[in-house]
Amino acid sequence: MQGYCSLNWSVQIILCLKFKLKFMLVWNRLSRMPKLSTYCVDINATSGQCKQACSGSTVSDCICGTSSKSYCDSTKQCQSNSCVSVANCSSINQNNCSCGSSSKQNCGSTTYCKDPTAASGVCVNKCQGSTVNNCICGSSTVSYCSSTQRCEDNMASSGNCLDICTTNFQSNCSCGQSQFSNCNNSKYCVNASASNGQCYDNCTDSVRSSCICGIATKQVCSNQQKCQDPTSNDGNCITIPNCINNFDNSCLCGITQVSQCSQSTYCTNVSDSTGVCIQNCNQNLKSNCICGSVNKLICSKTQVCQNPNDMNGYCIEKCVTNLQTNCQCGNSVTPFCGSNEHCHDVQQLTGNCVKQCNLFENNCVCGTSYYSQCSSTTYCSSKSEGICLDYCSYQSSNCICGNKVKQVCSNEEKCVDPNSDNGICNQGTCTLQFQSNCTCGLSNQAYCNKNQYCLDQTALIGVCYEKCKQNQNNCLCGIDSIDICHASTYCILQSKGVCMSECSSTNYQNCLILSENQSLS
């Protein structure tokens, strides 16, 4: 350019103008070429247009598709890589339609038309999470919440938009700037400009704390204050004093978590971190209350105040399981079951205490660790294990045998004679020699117990012998091999079963010399 301009001034002007014109034409063409992120809509069009690819919320007036591309104008939406015609929105808060009369905006599945008759269409999002205004509220019956409103419940079927509270003590609005509280018709916004919104009721005769006091001039009474007169025009909150002593009332109880004790409730422990206020016990309230008029005790939920009018409080445990002892039984009529009595049924209105069984007693509770309740026809057979059994019938098992001297027959035993005064249990007729716990003999039978052995199961007269001790007679001697020591012989080797006669003047070899005491026995 500098070479051209070195000519005479008239030629310079002409050449410079031509160069400038060519430069502007080239620049104009370059500026109209598509950028890398946009696409040419129609290369044959007189006026070129570049559009971005459809993505995210941009589904109209964009290039749709990956391999095969097409242009979706304002009447279409990009769906599954193809342009689909979109109907005009016909109602407020409609989605999947074209919103607006002149300047349209296509609302997808997650956006909604604010006003289909507006010249410029506007699609808004659904209210969810932290988005509570400028959005669509509700799932079935929807409402548009403006910038001065908030969606009351975005999960509700019918959407309701509440105005944002702008003044203190306003009702039926959304209270707070960061954390919202919805104040309905009966609640009022404590501080509209506060970060955390709080809604309080008006104070009443029964509720005088954490409420709004006064009719004309209102005042907020905190949980540590009370409204002096809820019916007064001018609200006046009085500070509630701290509880000084245990069982104080009309005060603030607790150190960290404070509870307000009313005139009829009392602080259980002024030193506790969490304050607890409970009532005095009365005839209708005997648990979880304060028992005694002077020396007070706190009866827990599992205890009962013995007498609410006594000077000294005394709490008794309530029976919480069937057959429990040392507790108050029942829910309405509540007798006390002592150490030898058991509560029959803790669910009954009228409590019933059943006595502890002695051995072979009925209509009582049997056992020490495991309990069973014996009826009128069953009897306590084991005080430790708590087993109730019937009386035996002939040859029956697992029962009580005998009328005076009773025995318990196990599952493996049978009652020999249920009508006998002396109960005898064994395993039936002896079938083997030296068998124990059976009936021995054919006619004149003997009953061998668990420590006795049948001498001969085939004999007419049954004889039961015990195992011998050292130098004993009339017994069975031996373990591996058994010998019968009769009246005149004595067991000298218990392991091998050897019986030996007593030494005498005629028998002085291979005999046993007994002491005087042994001879007399």
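The structure is a predicted model, in which local features need pLDDT of at least 70 and side-chain atom pairs count only at pLDDT 80 or more, while totals for chains, interfaces and linings use all residues. Residues are numbered from 1 along each chain as its sequence is written, and side-chain values use heavy atoms, with hydrogens and water left out.

Helices (H or I, at least four residues) and strands (E, at least two) are DSSP runs, numbered from the N terminus. Two strands are said to pair if DSSP finds at least two bridges between them.

Opposite Asp201 stands Cys211 in β18.

Another open sheet contains three strands in the order β22-β23-β24, and its pairing is antiparallel. Here the edge strands are β22 (249-253) and β24 (277-279), each pairing on one side only. On average, neighbouring strands of this sheet are turned by 15° against each other, direction ignored. Strand β22 and strand β23 (residues 259-267) run antiparallel and are joined by four bridges. Along this pairing, Cys251 stands opposite Cys261 in β23, and Leu252 has Gln260 as its bridge partner. The two strands β22 and β23 form a hairpin with five residues between them, and Gly254 in the turn has a positive phi of about 105°. On the other pairing, β23 and β24 are antiparallel over three bridges, with Tyr266 opposite Ile278 in β24. As a reminder for reading such sheets, the side chains in a regular strand alternate between the two faces of the sheet.

Attention now turns to charged side chains. Side chains of opposite charge can pair when their charged atoms come close. With a salt bridge taken as a side-chain nitrogen of Lys or Arg within 4 Å of a carboxyl oxygen of Asp or Glu, the count comes to five salt bridges. Accessibility is sorted into buried (under 20% relative accessible area), exposed (over 50%) and partly exposed (in between), using a 1.4 Å probe and protein chains only.

One of the salt bridges joins Lys187 and Asp201, whose closest N and O atoms are 2.9 Å apart. Because Lys187 lies in strand β16 (residues 181-189) and Asp201 in strand β17, this pair ties together parts that are 14 residues apart in sequence. Lys187 counts as partly exposed at 27% relative accessibility, and Asp201 counts as partly exposed at 31%.

A further salt bridge forms between Glu361 and Lys355, with the closest N and O atoms 4.0 Å apart. Glu361 is partly exposed, at 24%, and Lys355 is partly exposed, at 42%.

The side chains of Glu413 and Lys450 also meet in a salt bridge, at 3.7 Å from N to O. This pair links distant parts of the chain, 37 residues apart: Glu413 is in the loop between β38 (407-409) and β39 (414-415), and Lys450 is in strand β42 (residues 446-454). Glu413 is buried, with a relative accessible area of 5%, whereas Lys450 counts as exposed at 55%.

Definitions and conventions. Axes fitted to C-alpha atoms, helices over the stretch in contact; angles between N-to-C directions.
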